[in-house]
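Look at the chain from one end to the other before reading on.

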Amino acid sequence: MPAFTSHIFVCCNQREPGHKRGCCDPEGKEELRSCFKKELKRHDLGALVRANEAGCLDQCELGPTVVIYPQGIWYGNVQLEDVRRIVEETVIGGRVLEDLLIPDEALNAKKAGKDKKGE
Ligand code: FES
């Protein structure tokens, strides 16, 4: 069996309401991850691509956050209706969706109450 071609890490972190950083899965339902799993199954990709639950990916203010490895593509504000496009365009087609992309310069740059040094 070939190795996995991609791992999709879906932030399923839940924090208490009103937390200053918010969170990607306020209701703790893992709907986004479930949607990825269904879409991968629909494309019969289950043996090659995994959609894994992730804890906080430290991009909370830009979430819901998803990162795809080994490509290292970070997507932010991912909604359920984006999942089909991500699977079809990025995972299968190899194209980056610019409207969802978190640019490198924005990664780790917007932490409420912290500066870039983590203070
Ligand atoms: S809670 Fe999702 S990136 Fe932090």
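Two residues are said to be in contact if their C-beta atoms, placed from the backbone, lie within 7 Å. Helices (H or I, at least four residues) and strands (E, at least two) are DSSP runs, numbered from the N terminus. The model is a predicted one, in which local features need pLDDT of at least 70 and side-chain atom pairs count only at pLDDT 80 or more, while totals for chains, interfaces and linings use all residues. Residue numbers start from 1 along each chain as its sequence is written.

The chain contains 2 helices and 4 strands. Read from the N terminus, their order is β-α-β-β-β-α. Among contacts between residues at least 6 apart in sequence, 61% join residues at least 24 apart.

Begin with the strands, where two count as paired if DSSP finds at least two bridges between them. Strand S1 (residues 6-11) pairs with strand S2 (residues 49-54) in the parallel sense, over 6 bridges. Within this pair, Val 10 is opposite Glu 53, and Cys 11 is opposite Ala 54. S1 is also joined to S3 by 4 bridges, and these two strands run antiparallel. Val 10 takes part here as well, with Val 66 as its bridge partner in S3.

S1, helix H1 (residues 31-42) and S2 form a right-handed β-α-β unit. Right-handed means that, with the strands pointing away from the viewer, the path from the first strand over the helix to the second runs clockwise.

How far apart are the end C-alpha atoms of H1? They are 16 Å apart, which agrees with the 16 Å that its 12 residues should span at 1.5 Å a residue. The expected span is 1.5 Å times one less than the number of residues in the helix.

Next comes burial. A residue is buried if 20 or more other C-beta atoms lie within 10 Å of its own, exposed if 12 or fewer, and partly exposed in between, with C-beta atoms placed from the backbone. Of the 119 residues in the chain, 30% count as buried. In H1 the buried residues are Leu 32, Arg 33, Cys 35, Phe 36, Glu 39 and Leu 40. These residues cover an arc of only 160° around the axis, which puts them on the same side of H1. Such an arc is that of the directions from the helix axis to the C-beta atoms. An α-helix has 3.6 residues a turn, so residues three or four places apart point the same way. Lys 41 and Arg 42, on the other side of H1, are exposed. The cover over the buried residues of H1 includes S1, S2 and helix H2 (83-92). After H1 comes Asp 44, with a positive phi near 55°.

H2 is followed by Gly 94, whose phi is positive, near 75°.

Which residues have the most contacts inside the largest nonpolar core? They are Ile 8, Val 10, Phe 36, Val 66, Val 67, Ile 68 and Tyr 75, in a core of 27 residues. S1, H1, S2, strand S3 (66-69), strand S4 (73-75) and H2 each supply at least two residues of this core. A nonpolar core is a set of buried Ala, Val, Leu, Ile, Met, Phe, Trp, Tyr and Cys residues joined through C-beta atoms within 7 Å. Leaving aside neighbours within four places in sequence, Phe 36 is in contact with Ile 8, Val 10, Ala 51 and Val 83.

Two loop residues remain. Gln 14 lies in the loop between S1 and H1. Gln 14 counts as partly exposed because it has 17 C-beta neighbours inside 10 Å. Gln 14 and Gly 28 are 14 residues apart in sequence and 5.7 Å apart in space, C-alpha to C-alpha. Not counting residues up to four places away in sequence, Gln 14 touches Cys 23, Asp 25, Pro 26 and Gly 28.

Cys 56 is in the loop between S2 and S3. With 16 other C-beta atoms within 10 Å, Cys 56 is partly exposed. Not counting residues up to four places away in sequence, Cys 56 touches Cys 11 and Asn 13.
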